[in-house]
Amino acid sequence: MSIHEQIRVPHVKPSSSRSVCRFWQQGICNRNPCKFAHGGELPPRPPPPPPRSSHVYLRGSRSESQSKPVGGSAAPKKHEEKVCRDWKSGNCSRGDDKCRFLHSWSRGEGFSMLARLEGHSNTAVVSGIALPSGSDKLFTGSSDGVVQAWDCTSGKIVGTLNAGGKIGCLITEGEWLFVGLPNVVKAWNLQTGVDCSLTGPTGQVYALEVGMGFLFAGGSPDGGSSSTGEQQGSNPFQPAAALNGHTSAVISIEVGGGGKLFSGSMDGTIKVWDIKTLQCIQTIEKGHDSAVMSLLCYSDFLLSCSLDQKIKVWAATGEDGRFEAVYTHEEGHGAISMCGVEDMDGKPVLLCSWNDDSVGLYELPSFAEKGRMYAKGEVRSIKGGPGGLVFTGDATGLVTVWKLAAGATSGAAMAE
């Protein structure tokens, strides 16, 4: 028994008052009988619709500029600014050809990845990288309080040190390794093994810098403190002064030319200090709209970067020598850390990490982008080394070694 035999056809009483079937008027009614009136000569069928365009439009699209052609190349257009998150975790099933995001740890020319150093916990942030001059050891510190010493030739760990607290930063100067911890700076002599505790900073120490015989440590809430290197007993470092003035934690410090010290704070301010007198000579109240994460001196300029998504260039202008912003570079992500290096041609390159897990490489002074390095997490620390080496440490405990090569630059002048 067919399905059609089960359908009952309703009996329709003829009526002169029935409405005319609008489908019959269009010549397309196929009901028999139809409860609406069919009368007179059938109207002609409408012409067939025009052939469909060879483009299919996305839902909500209102212009052909948003259409995607059917046929042609089946490969999706690559989004060159982003790395596939699934690929980063090893789970992308779309493959290199079909995924619209990058399957690569870098974009651009003139640099390459050499190695990855795995030794810190994958839940720890690599907060400091140091390469002592003339040493064959690389030192890295992480937020879980561990300092690792790496052999630069083999890339293997040759020593591990427990600093006893969260490491906010790590630097080396001469034979000394300095580590910023909560309320204290620990110092280790890399030759004798002597260790010292330098008290004075308040809160977590996120920034350390050495200049003109002083070690400067950023603390909170009263700003930086300094210690001199005069030998007195077993501890060669003695408190010298507390540089008060910031209203929030000092998280970036840079020693510049002309005996100046620069400090950046969580409140977005930048202070300029005279190192000889240890007095503040200028406060840039609205340096940034968010935390000043990193400071860097380049030639006669001061560079600052912030979570407000800007890198600013400052220069001493006028007879009073006060610093003013002369250029702003802005991107769509917060800036975290900066490092200045030279490529194999001896040309200056700025590296800046952003909170989208990338590091941008920029020619100086033009700020033309040379490329991008990508990481599994935010890159919190960057360190340049000899021969075009660059080390980056991210929020997954990974240290990556890069190599800069020779490459042409545009040579454009910095905006005035």
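User: How many cavities of 30 Å³ or more does the structure hold?
Analyst: This is a predicted model, and the structure holds two cavities of that size.

User: How much space lies in the second largest cavity?
Analyst: About 40 Å³.

User: Which residues line the second largest cavity?
Analyst: The lining is made up of D357, S358, V359, M373, Y374, A375, V379, T392, T400 and W402. Two or more of the lining residues come from each of β28 (358-363), β29 (369-374) and β32 (398-404).

User: And the lining by class?
Analyst: Six residues are nonpolar, three are polar and one is charged.

User: D357 is in that lining. What does its side chain meet in a salt bridge?
Analyst: The side chain of K88, at 3.2 Å from N to O. D357 sits in the loop between β27 (348-354) and β28, while K88 belongs to helix α2 (residues 85-88), so the pair ties together parts that are 269 residues apart in sequence.

User: Is D357 buried or exposed? And K88, buried or exposed?
Analyst: D357 has a relative accessible area of 17%, so D357 is buried. K88 counts as buried too, because its relative accessibility is 16%. The cut-off for buried is under 20%.

User: How many salt bridges does the structure hold?
Analyst: Eight. One of them joins E331 and R372, whose closest N and O atoms are 2.5 Å apart. E331 is in the loop between β25 (322-330) and β26 (335-342) and R372 is in strand β29, so this pair ties together parts that are 41 residues apart in sequence.

User: E331 and R372: buried or exposed?
Analyst: Both are buried.

User: Which residues are linked with them in a network of salt bridges?
Analyst: R107 and E369; the network links R107, E331, E369 and R372.

User: What about R380, which residue does R380 form a salt bridge with?
Analyst: E378, with the closest N and O atoms 3.1 Å apart. R380 counts as partly exposed, at 37% relative accessibility. E378 is also partly exposed, with a relative accessible area of 24%.

User: Which lining residues are closest to its centre?
Analyst: Of the 50 residues that line the largest pocket, the closest to the centre are S127, C169, S337, R380 and I382. R380 is the residue that forms a salt bridge with E378.

User: Which elements give two or more residues to that lining?
Analyst: They are β7 (126-130), β11 (169-173), β14 (207-211), β18 (250-256), β22 (292-298), β26, β30 (379-384) and β31 (389-394). The largest share comes from β26, which gives seven residues.

User: How many residues of β31 are buried?
Analyst: Five of its six residues, so β31 is mostly covered.

User: What joins β31 to β32?
Analyst: Five bridges, with the strands running antiparallel. V390 stands opposite W402 in β32, and W402 is one of the residues lining the second largest cavity. The hairpin of β31 and β32 has three residues between the strands, and G397 there takes a positive phi near 80°.

User: Back to β11. What is the strand order in its open sheet?
Analyst: The order is β11-β12-β13, three strands with antiparallel pairing. β11 and β13 (195-204) stand at the edges with a single partner strand each, so one side of each is left without a neighbour in the sheet. From one strand to the next the twist averages 30°.

User: How many bridges between β11 and β12?
Analyst: Five, with β11 and strand β12 (residues 176-189) pairing in the antiparallel sense. L170 stands opposite V179 in β12.

Methods:
Residues are numbered from 1 along each chain as its sequence is written. This is a predicted model: local features need pLDDT of at least 70, side-chain atom pairs count only at pLDDT 80 or more; totals for chains, interfaces and linings use all residues. Side-chain values use heavy atoms; hydrogens and water are left out. On a 1 Å grid over the protein atoms alone, a cavity is a set of points where a 1.4 Å probe fits but cannot get out, and a pocket is an open set with protein on both sides within 12 Å along at least five of seven lines; lining residues have an atom within 4 Å of a point. Grid points are joined across faces, edges and corners, and a volume is the space filled by probe spheres set on the points. Helices (H or I, at least four residues) and strands (E, at least two) are DSSP runs, numbered from the N terminus. Ala, Val, Leu, Ile, Met, Phe, Trp, Tyr, Cys and Pro count as nonpolar, Asp, Glu, Lys and Arg as charged, and the others, Gly among them, as polar. A salt bridge is a side-chain nitrogen of Lys or Arg within 4 Å of a carboxyl oxygen of Asp or Glu. Buried means under 20% relative accessible area, exposed over 50%, partly exposed in between (1.4 Å probe, protein chains only). Two strands pair if DSSP finds at least two bridges between them. Axes are lines fitted to C-alpha atoms, for helices over the stretch in contact, and angles run from 0 to 180 degrees between N-to-C directions.
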